[in-house]
Amino acid sequence: MNEILTAKEIAAELRCSKAQVYKLMNGEVTGRTVLPHIALGRKKVVRRASFEAWKAANETATIPNHSEMEAVGAA
């Protein structure tokens, strides 16, 4: 989990543009927390562990403990 990700890699994973990733890093996206990053001059990188924690913290829906299939099977 010590992997370092570039904006391009994050954009590919989120299926968005690099510009959107930089907006997330700069806190310019309403309703989302700032994407933690390390500034290396003009270049910004993100630790994989920080990215995974950021994704979990920014999920807008929750997954129920038991799926509907389990509930049907329990009846």
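With which residue does Glu3 form a salt bridge? In this predicted model, local features require a pLDDT of at least 70 and side-chain atom pairs a pLDDT of 80 or more, whereas totals for chains, interfaces and linings use all residues. Residues are numbered from 1 along each chain as its sequence is written, and side-chain values use heavy atoms, without hydrogens and water.

Glu3 pairs with Arg48, the closest N and O atoms lying 3.6 Å apart; a salt bridge is a side-chain nitrogen of Lys or Arg within 4 Å of a carboxyl oxygen of Asp or Glu. This pair links distant parts of the chain, with Glu3 in the segment before strand E1 (4-6) and Arg48 in helix H3, 45 residues apart. Helices (H or I, at least four residues) and strands (E, at least two) are DSSP runs, numbered from the N terminus. Arg48 also forms a salt bridge with Glu13, at 3.0 Å between the closest N and O atoms. Since Glu13 lies in helix H1, that pair ties together parts 35 residues apart in sequence. For Glu52 and Arg48, the corresponding N and O atoms are 2.7 Å apart. Glu3, Glu13, Arg48, Glu52 and Lys55 are linked in a network of salt bridges.

Arg48 is buried, at 15% relative accessibility, whereas Glu3 is partly exposed at 43%. Here, buried means under 20% relative accessible area, exposed over 50%, and partly exposed in between (1.4 Å probe, protein chains only).
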